[in-house]
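Please keep the sequence and the structure in view while reading.

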Protein chains: 2
Amino acid sequence: MGRVSQTETAVLGGLSVQPMTGYALREAIREVLGHFWSESFGQIYPTLAELERAGHVQRLGSGRTDASRFAITPSGTARLKQLLAQPVQPVRPRNGLLLRLFFGRQLGPAACRSLVQEAKAEAERALARYRTLRQELQEEQEHAEDRPYWLLTVAAGEHSARAAIDWADEALGALDELDRSRQRSHPPKERSTG
Amino acid sequence: MGRVSQTETAVLGGLSVQPMTGYALREAIREVLGHFWSESFGQIYPTLAELERAGHVQRLGSGRTDASRFAITPSGTARLKQLLAQPVQPVRPRNGLLLRLFFGRQLGPAACRSLVQEAKAEAERALARYRTLRQELQEEQEHAEDRPYWLLTVAAGEHSARAAIDWADEALGALDELDRSRQRSHPPKERSTG
DNA sequence: CCGGTCATGTAATCGGTTACATGATTCG
DNA sequence: CGAATCATGTAACCGATTACATGACCGG
């Protein structure tokens, strides 16, 4: 019961697309699933070993030389389907940015502003990445069956990034307003302005 | 260095708003920070004990009877400001829904559809919660200084929920299209339709 | 030959959850 | 009085990351 590791799903899923080495698997996860998933070597290799023992994957070529790619077996495909059908495990949210903003009074509007600006810049970078990713996927010829599903996850990233940008703009406005009203009640020392 | 537990931030932050028992702290975190933060008792109580040892919080009233509320001390406030100024720790994303959708080919359009629909319903519930939360915050008289910051985090929730709903609609359309094109190439057995 | 990348693995550690144990208080 | 809620805490466990160790291979 407890043993419904989502790493197993990610690994089997990756190999269901094409055979790969553990290393390549991690790269693929970083590059393509990166915006909604992550795995470390410390998870991937033991999982791969376990899956091999269970007969869900097998090595093509062996040893370090002629690096051993892993391929999914029929029982592995069955296992993957079973895992995918499991209910989605609720994520425990931990958003460090919002935690800081919630207690933003202790930081003051200026520091909050730069936090939000940083978040906005990050969301813009992410949005740009999703666009090139979408482009790449649409141009690719292989994996035609998988592509529509992959595009779904890219679209999720795009929506979420755009939402982050919109929110950031709104938040920056609110913080400016807050800063102005604070300056009205606590006017700063006079400064030469011309 | 390693010891920059964000739990410490959340606990000190909570007590910076008002003195509370450990239990109340957890309730407050669930109800108000729930959409971007979570803490369990197993984290809160040890952290509270540690903070007390360090002099960052102190008990008002003691023992089990006349339940001991914790209040933040001046050194605790200083510590909180220091913690809030730390760079935001990047989150390792793990979105079970998108993981399933990415390998959606193994599940088929219908199962994916119900996953997305479930996600949409959840986002709609969340959006409704944010609206009442916003209402409650705007009506409240206390904590006037904190309120603008709190509203920022609620706005983040609203934007993100709306984005999730928009994405879900788009995804449902795409999945329907996929289903139709699949039926065209694999026509189902004839069925009486009148 | 050297530095970077590809590749595989393990051990220590950690942040965090779950489950359990315990008991006070409150309200119907 | 009994059930629900308030309240505090601990121990076991677990998924996951980090750091470390090792070495092949390739290009300049």
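## Terms and basis

A salt bridge is a side-chain nitrogen of Lys or Arg within 4 Å of a carboxyl oxygen of Asp or Glu. By this definition, the count between chain A and chain B is six salt bridges.

This is a predicted model, in which local features need pLDDT of at least 70 and side-chain atom pairs count only at pLDDT 80 or more, while totals for chains, interfaces and linings use all residues. Residues are numbered from 1 along each chain as its sequence is written, chains are lettered from A and ligands numbered from 1 in the order in which they are written, and side-chain values use heavy atoms, with hydrogens and water left out.

## The interface between the chains

Contact here means heavy atoms within 4.5 Å, and in this sense 64 residues of chain A are in contact with 64 residues of chain B. The size of an interface is often given as the accessible area lost when the parts come together. Buried area is that loss, found with a 1.4 Å probe and summed over both parts; between chain A and chain B it is about 5,900 Å², of which carbon and sulfur atoms give 68%. A:Arg94, A:Phe102 and A:Tyr149 supply 15% of the area that chain A buries against chain B, more than any other three residues.

A polar contact is a pair of N or O atoms within 3.5 Å, where, within protein, one must be able to donate a hydrogen and the other to accept it, and residues adjacent in sequence count only if both atoms are side-chain atoms. Between chain A and chain B, 26 residue pairs are in polar contact, with both residues at pLDDT 80 or more. Helices (H or I, at least four residues) and strands (E, at least two) are DSSP runs, numbered from the N terminus. On the side of chain A that touches chain B, α1 (6-17), α4 (74-84), α5 (96-102), α6 (109-139) and α7 (147-185) each supply at least two residues, and the largest share, 16 residues, comes from α7(A). By class, this side has 36 nonpolar, 18 polar and 10 charged residues, where Ala, Val, Leu, Ile, Met, Phe, Trp, Tyr, Cys and Pro count as nonpolar, Asp, Glu, Lys and Arg as charged, and the others, Gly among them, as polar.

## Salt bridges

Side chains of opposite charge can pair when their charged atoms come close. Over all chains, a search of the whole structure finds 20 salt bridges. In one of them, B:Arg94 meets A:Glu39 at 2.3 Å, N to O; B:Arg94 lies in the loop between α4 (74-85) and α5 (96-102) of chain B and A:Glu39 in the loop between α2 (22-32) and α3 (41-53) of chain A, so the pair joins two chains. A residue is called buried under 20% relative accessible area, exposed over 50%, and partly exposed in between (1.4 Å probe, protein chains only). B:Arg94 is partly exposed, at 29%, whereas A:Glu39 is buried, at 6%.

A:Arg94 also forms a salt bridge with B:Glu39, the closest N and O atoms being 2.3 Å apart, and this pair crosses from the loop between α4 and α5 of chain A to the loop between α2 and α3 of chain B. Here A:Arg94 is partly exposed, with a relative accessible area of 29%, and B:Glu39 counts as buried at 6%. A:Arg105 forms a salt bridge with B:Asp146, with 3.4 Å between the closest N and O atoms, and a network of salt bridges links A:Arg105, B:Glu145 and B:Asp146.

## Aromatic pairs

A pair of aromatic rings is described by the distance of the centres and the angle of the planes. Rings of Phe, Tyr and Trp (its six-membered ring) pair if their centres lie within 6.5 Å, and planes under 30 degrees apart count as stacked, over 60 as edge-to-face and the rest as tilted. The whole structure has 10 aromatic pairs over all chains. The ring centres of A:Phe102 and B:Phe36 are 6.2 Å apart and their planes stand at 50°, so the pair is tilted. Both A:Phe102 and B:Phe36 are buried. Elsewhere, ring pairs link A:Phe36, A:Trp150, B:Phe102 and B:Phe103 into a cluster.

Terms used: Buried area is the accessible area (1.4 Å probe) that two parts lose on being put together, summed over both.
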